[in-house]
Amino acid sequence: MHTPLVHVISGMLLLLVLALVHIQGIEGTIGVNYGTVADNLPPPAQVAHFLLENSIINRVKLFDANPEILSAFAHTGIAITVTVPNNQIPNLTKLSFAQQWVKTTIVPHVPATNIVRILVGNEVISTASKFLITNLVPAMQTLHTALVAESLDHRIKVSTPHSLGILSSSSPPSTGIFRQGYDGHVLKPLLSFLRATDSPFLVNAYPFFGCSADTLDYALFRPNSGAFDDNTKATYTNMLDGQLDAVFSALKLLDFSDIEIVIAETGWPSKGDVGQVGVDPDMAAEYNRNLMQHVTSGIGTPLMPNRTFETYIFALFNEDLKPGPTCERNFGLFQPDMTPVYDIGILRPTAKSNFPSYPTPEAAPVHPNPIPTYKGKRWCLPKTGAKEDALQNNLDYVCGLGVDCKPVQEGGACYLPNTVRAHAAYAMNAYYQSTRRNDYDCDFKETGAITEIDPIFFVLKFQVMETANTEMNWDPRTLKRRNSRMLY
């Protein structure tokens with residue numbers, strides 16, 4: 001039987017861990033691009049259920065704002081990015097159109113569907129259409145204004161993805177620079193908007209399209225001799241890092257190196273045309289598996305060390321109606337019947353048992369610098385500084401999945417302290433422990449982080465403090481609480 005003191009100590013345990021341990025998370029976020037250029041795909045509701053129940057994917061990027069898909073992802077907690085097609089960009093510059101678009105396309109689905117980002121067009125600058133390019137930033141600004149009117153601007157950010165064609169130079173990475181003419185007239189206003197709205201800069205980065213037989217190991221994250229940058233004296237061991245650092249160098253030239261970079265698309269086809277280099281299921285699995293390890297490892301890049309990158313793999317399905325060469329129709333992680341094309345570690349163990357025959361290639365060597373590993377048990381807790389509303393969303397999401405949240409409900413063993421942070425800490429860790437305990441399972445939109453410090457360490461050290469202070473009226477100078485508000 002739990003006594004009040006035990007209740008308080010268990011709650012205190014969480015509180016003190018959070019207060020005393022400043023966690024520098026190294027986890028990233030893996031999402032998928034959900035394209036629908038096919039005539040054989042499963043219903044959106046089936047897709048949403050499959051991703052939620054059988055995979056570790058917690059982010060999905062759409063190439064439109066299909067209402068059936070948005071409804072299908074309601075109450076899943078999966079973060080959804082929607083896209084406004086290029087041909088709608090001129091219309092979005094009109095405030096009345098933008099307001100109506102938000103009211104009819106977005107408002108009916110939030111907050112049930114976790115829409116977190118709206119992308120205005122796709123690779124607009126690379127289209128070379130002056131009409132679209134000149135309307136891009138005004139459309140983004142007007143759409144943001146429409147979101148402000150609906151009080152959705154803090155929940156939903158506005159951005160636009162770019163191909164690497166926006167760079168006029170990318171090799172070596174330190175010489176990365178945006179194409180002349182677009183840097184000052186288009187990209188500076190665009191980047192100013194992103195900075196003002198705390199939105200990321202999205203790039204579509206495909207080492208597959210930049211590699212040859214000679215650079216295949218470099219593109220696939222295999223051990224290789226690397227590429228040396230004379231300007232920074234850095235050696236690049238994989239092509240993706242070089243592409244990202246070229247973008248970073250271009251941003252830095254315009255004084256926007258503080259803007260977050262998100263990988264909106266990257267992937268590798270499992271099938272191609274005769275004579276095409278490096279195209280088969282094993283290499284596709286190798287790239288995507290090594291990609292996931294790299295972007296979530298915390299290693300970062302030579303110019304952006306100790307970072308993770310929100311990354312969206314292209315694509316969820318093979319799409320049989322896409323034009324172009326064979327490879328364009330074979331970037332999918334899954335066949336239309338939901339069977340995996342290959343294994344990259346995104347299926348939960350229970351899901352894998354349903355597909356006993358799908359290929360599971362051996363893990364290939366990766367970055368010669370070892371990816372950080374952890375020994376012993378790990379716990380998932382909120383990051384220091386995570387906002388209360390974000391932690392409340394985490395709490396609602398986890399408990400909504402059916403994870404046992406009774407201990408943090410009134411009368412439960414971990415109900416005290418009755419704060420959002422403490423309750424979210426319990427829920428986030430409960431979810432993490434119930435999964436495969438991948439780093440992705442503790443991301444929670446970059447509000448969670450993993451620690452190896454056993455919380456039990458703090459029990460004996462601080463339980464006496466609790467018995468001496470039953471009023472819970474603590475002094476912040478001694479890492480205590482006052483009026484049930486967190487003070488760190």
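**View 1. Cys399 and its disulfide partner, Cys405.** Cys399 is partly exposed, with a relative accessible area of 28%. Cys405 is buried, at 6%. (Buried is under 20% relative accessible area, exposed is over 50%, and partly exposed lies in between, using a 1.4 Å probe and protein chains only.) This is a predicted model: local features need pLDDT of at least 70, side-chain atom pairs count only at pLDDT 80 or more, and totals for chains, interfaces and linings use all residues. Residues are numbered from 1 along each chain as its sequence is written, and side-chain values use heavy atoms, with hydrogens and water left out. The sulfur atoms of Cys399 and Cys405 are 2.0 Å apart. A disulfide here is a pair of cysteine sulfur atoms within 2.5 Å. The torsion about this S-S bond, between Cys399 and Cys405, is about -100°, so the disulfide is left-handed.

**View 2. The disulfide between Cys380 and Cys442.** The two sulfur atoms of Cys380 and Cys442 lie 2.0 Å apart. Their S-S torsion is about 90°, so the Cys380-Cys442 disulfide is right-handed. Cys380 sits in strand E14 (residues 379-382), and Cys442 in the loop between helix H14 (420-434) and strand E15 (448-451), so the bond ties together parts that are 62 residues apart in sequence. (Helices, H or I with at least four residues, and strands, E with at least two, are DSSP runs numbered from the N terminus.) Cys380 is buried, with a relative accessible area of 0%. Cys442 is also buried, at 0%. The count by the sulfur rule is 2 disulfides. With the bonded cysteines numbered in sequence order, the pairing is 1-4, 2-3.

**View 3. Two further cysteines, Cys211 and Cys327.** Cys211 is buried, with a relative accessible area of 17%. Cys327 is buried at 2%.

**View 4. Asn394 in helix H13.** Helix H13 covers residues 388-400. Asn394 is buried, at 6% relative accessibility. Leaving aside residues up to four places away in sequence, Asn394 touches Met428, Phe444 and Thr447. A contact means heavy atoms within 4.5 Å.

View 5. (Two strands pair if DSSP finds at least two bridges between them.) E3 and E4 pair in the parallel sense over 5 bridges. Thr83 has Leu119, in E4, as its bridge partner.

**View 6. Cis peptide bonds at Pro111 and Pro172.** Most residues other than glycine have a negative phi, and most peptide bonds are trans. The bond from Val110 to Pro111 is cis, with omega near 5°. Pro111 is in the loop between helix H5 (95-106) and strand E4 (115-120). The bond joining Ser171 and Pro172 is cis too, with omega about -5°. Pro172 belongs to the loop between strand E7 (167-169) and strand E8 (177-178).

**View 7. Positive phi at His75 and Lys445.** His75, a residue other than glycine, has a phi near 65°. Its loop runs between helix H3 (67-72) and strand E3 (79-84). His75 is exposed, at 68% relative accessibility. Lys445 has a phi near 55°. Lys445 lies in the loop between H14 and E15. Lys445 is partly exposed, with a relative accessible area of 39%.

View 8. The average pLDDT of the protein is 83, and 81% of the residues score at least 70. Where pLDDT is low, the predicted coordinates should not be read in detail.

Key:
pLDDT is the predictor's confidence in each residue, from 0 to 100.
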